[in-house]
Amino acid sequence: MKKNLLLSFIFISPYLLLSQNNLGQINGNFETNLQSYTDDPSIDAIAADEVILNNAYLNILYTKGDFTGGLRYESYLNALQDYDSRYQGNGIPYRFARYTSDGLDVTVGNYYEQFGSGLVLRSYEDKGLGIDNSLDGVRLKYVPINGLYVTGLIGKSRTYFEYSKGIIRGADAEFNINEALKLEGETSYILGGSFVSRFQKDNNPAFNLPENVASMSARLNIMHGGFNYYGEYAYKINDPVGSFSFDENNYSTGKAIVNNLTYSQKGLGITIESHFVDHMEFRSERAKQKEFIINYIPTLSKNHAYTLLALYPCATQPEGEAGFNTNIFYKIPKNTLFGGKYGTKLNLNFARTNSIDGGNSYLNDSSSHTSNPFKSISIKDETLYFSDFNLEINKKINKKVKLNLVLAKQKYNKDVLEGKTIGEYGIISSTIAVADVSYKIKKGHTIRLELQELLSKDDATATNHADGDWHMVLAEYTISPNWFFAIQDMYNYGNYDEEKQLHYVNTSIGFMKGANRFEIGYGKKRAGIFCVGGVCKEVPSSNGFSLNISSNF
Amino acid sequence: MKHLKYTISFFLGILLFNITSCDVVEGPYLIDDNTNPVDTNNFVKKVLIEDFTGHRCPNCPAAAEELASLQNFYGDKVIGIAIHPSSTFAIPDPLNSSKFTYDFRTEFGDDIDNIFELTTVGLPRGMVNRTGFDTEHQLGKDEWSSVIQTELAKSPIFGITLSSDVSNGNGTISVTAEALTNINLDKTEEIEDYNIVICLTENGIIEWQKDNTAGDIEEYEHNHVLRTILNTTFGESMGNSFVDGDIWEKDYPVDITTLENANENYSLNTLFMGNGNSKGWDENNMEIVVYIYNTNNYEIVQVEQIHLTNH
């Protein structure tokens, strides 16, 4: 870590000096999230030994002409309880320098990159999930001829304050036929291909392991008028985890097929997304750990913002799932019977994912099974993982009142999506209704009220009960542009265990001025078990104060 | 058209790169050559895996299987201890319940977890000779084998010899450690102190276990379960300076009933939802595991194991 600090200092300091002579520009942003943890036996919340925990970040970016240099200082003293404890201490785990010269774009240090839809490579950062798998190494981008975009990279993937063992090499080419051939048709075509390979030494004397594991994909994008089709096929060669246990080393290949079609015109939008994924988890190390994943398979469900709609969220199963997500947006025009004075926005969404034909592909010395993507189209015999059928109506009643209503039916296979034992909770069915009204009292003063209800039905064959029914109320008062006040109560009134029929109350006050934002909160959070890639983490319940400050310059 | 040629050759290039740089392994995948001759005359380096587990942890049986596979391959060079630390995965149900009523937790396991914090990163996890503390010691099961390779390649600096005359719940364990090289003789700074730890584990405990695929298993065989540590969780000092051939010896009296009572007391009086159901030790299924570690970095430099009885 010391070495990193020093390196970054050497990298950056000359530019800091230069900037004082107006030779370039420095900007950045800062964020700190402080949380206190106190004992609360009613929700099994345990006080932190440190009493308060804090995560903070500072990004600094220097730009001058074609040159950019940047770094991020991260401080976890100690990491918030819902963060992995391997985020600990201070450091500069992210620093880079980048320039462009005669069409060649060179990056050294840390970088984020995605090839295609991410099936073979996606390095990204998500503070909410505690994910940062930036690559550290070299990346080149070049446009050799009009319409051909080429990227090549080599690097190691970040895991907390370390780098994982595998060396990642990748290349991607995107060919825009219309640009290259100067076609001026109504239809445009973009072809793409990616290749990513991971090297890790085989030091397992019991098994013959591949040292160079490759993953590749081909993609096609066709646009015609309001239509947009995107298709991608990805393939990964054998990638056993390197265990000593016979059954754990799966030598089968992986594959993924993505087909997305959208259509849009004024007042109407239709999106149909689908995928088939089989044994497609690609990691920066052979061993299975959630933090090592370097590819991404988009989740096929609507990303809900309302709490109870997102209480049972869909999680992609990269080892095997098939599904689709359909979205229809329609705006009923103004001055019609249902459109009223301002028009009415409708959004109908239907998503479903399920298991694939006979489970994921599997191959070792004594058994083999290959799943058939075409069989998975028939969902008749497949296990349901997740389904969500919902309708959202957004209506402006008059100049003062806006209304948003959502009605949803969800099914959630808790055992599969949370890595529980099969049969423990089974499939939870819930019906959710949300009403969100905002009322503008006077200029700059708005009050917003959310009422949410979740009625849940447990699986009759399951051995355990889920949480049962919930109410939620949220009231928010905003005085723009500086203040907001919010209070919310989640009430688990339908819990089968009477002692757990609890209120989870949260309050917060925010103040924004110029480039700075302050928020203080107090409340209780629910506990849960969070599982990814077979490794489970208990996210504890908590009770305490929080303070978030963010600013930019 | 010239552009198209470029493009085609570029894609061909990618394809070529692709063929030359990936290793498709054709079966058989298992390497037959499973010969690891152990030279019985000399001390060899052995490795300790501490497997952090719990009876309600559905992914944990896979880690136990990994440990068994490693032991199957490496023979007695790989020694295991299963630690059931106090987390929700190890909490027992009340005695009148039908499942998961056994309390596997021990004060020693909890002390170890407090230092190494395996439960905070999620189970199953393990440590291999406690290497990599304090950033890279919490290993997923698939990471164990690669660290074992590195550890086994090292030369042993101590040799441990154990004997026991325990029968019917009482007896004495004799521990002898021999320095196999000069240690710290010329150093004036950063002198490493070595501690020795004497543990008892038990195999073949038939109790409930959650499993990812099989559900709740009634008659699961729990092996290598840490029962107690005879000379405190972090052991006792052996000193810091050794000449090749130096011998350290000590005898430890064992009284199974007293040790069982101590665990019961911990379960009943200290642990959350402890029900005291932690007894029923079978001395014939028990092992003595002794390890020596460097107190500077906690790294275990040698470990040995024998049966508690029948010597």
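Predicted model: local features only at pLDDT ≥ 70, side-chain atom pairs only at ≥ 80, totals over all residues.
At 8% relative accessibility, D436(A) falls in the buried class, since that class takes in values under 20%. D436(A) meets R448(A) in a salt bridge, with 2.8 Å from N to O. The two partners sit 12 residues apart, R448(A) in strand 25 (residues 445-457) and D436(A) in strand 24 (residues 427-442) of chain A.

A second pair in chain A joins two loops. D467(A) and R526(A) form a salt bridge in which the closest N and O atoms are 2.9 Å apart. D467(A) lies in the loop between strand 25 and strand 26 (470-479), R526(A) lies in the loop between strand 29 (516-525) and strand 30 (528-532), and 59 residues of sequence separate them. Both ends are partly exposed: D467(A) has a relative accessibility of 26%, and R526(A) has one of 28%. Elsewhere in chain A, salt bridges with shared partners gather R72(A), E74(A), E125(A), D132(A) and R158(A) into one network.

Because E125(A) is in strand 8 (residues 125-126) and R72(A) is in strand 3 (residues 67-76) of chain A, the pair ties together parts that are 53 residues apart in sequence. The two ends fall in separate accessibility classes: E125(A), at 30%, is partly exposed, whereas R72(A), at 2%, is buried. Over all chains, the count of salt bridges comes to 41.

Polar contacts also occur at a buried site in chain A. N543(A), placed in strand 32 (residues 542-552) of chain A, has a relative accessible area of 7% and is therefore buried. Its side chain makes a polar contact of 2.8 Å with the side chain of D40(A), and another, of 3.1 Å, with the side chain of Y522(A). Leaving aside residues up to four places away in sequence, the residues that N543(A) touches include S36(A), Y37(A), T38(A), A45(A), G523(A) and K524(A).

Turning to the interface, 57 residues of chain A are in contact with 52 residues of chain B. The two chains bury about 4,800 Å² between them, and 57% of this area is on carbon and sulfur atoms. The count of salt bridges between chain A and chain B is 2. One of them pairs K210(B) with E424(A), with 3.5 Å between the closest N and O atoms. On the side of chain A that touches chain B, at least two residues each come from strand 11 (148-159), strand 12 (162-176), strand 13 (187-199), strand 14 (212-224) and strand 31 (535-539) of chain A. Strand 12 of chain A gives the largest share of that side, 5 residues.

At 1.5 Å a residue, the 14 residues of helix 5 (residues 256-269) of chain B should span 20 Å, which agrees with the 20 Å between its end C-alpha atoms. The buried residues of this helix are I256(B), L259(B), E260(B), N263(B), Y266(B) and S267(B). Viewed down the axis of helix 5 of chain B, these buried residues fall within an arc of 120°, so they line one face of the helix. An α-helix has 3.6 residues a turn, so residues three or four places apart point the same way. The buried residues of helix 5 pack against helix 3 (107-116), strand 6 (194-202), strand 9 (225-229), strand 11 (247-255) and strand 12 (286-294) of chain B.

Technical notes
Residues numbered from 1 in each chain as written. Chains lettered and ligands numbered in written order. Heavy atoms only, no water. Helix = DSSP H or I, 4+ residues; strand = E, 2+ residues; numbered from the N terminus. Expected span 1.5 Å × (residues − 1). Buried < 20%, exposed > 50% of the residue type's maximum accessible area, 1.4 Å probe, protein only. Arc of directions from axis to C-beta. Contact = heavy atoms within 4.5 Å. Buried area = accessible area lost by both parts, 1.4 Å probe. Salt bridge = Lys/Arg side-chain N within 4 Å of Asp/Glu carboxyl O. Polar contact = N/O pair within 3.5 Å; in protein donor to acceptor, adjacent residues only side chain to side chain.
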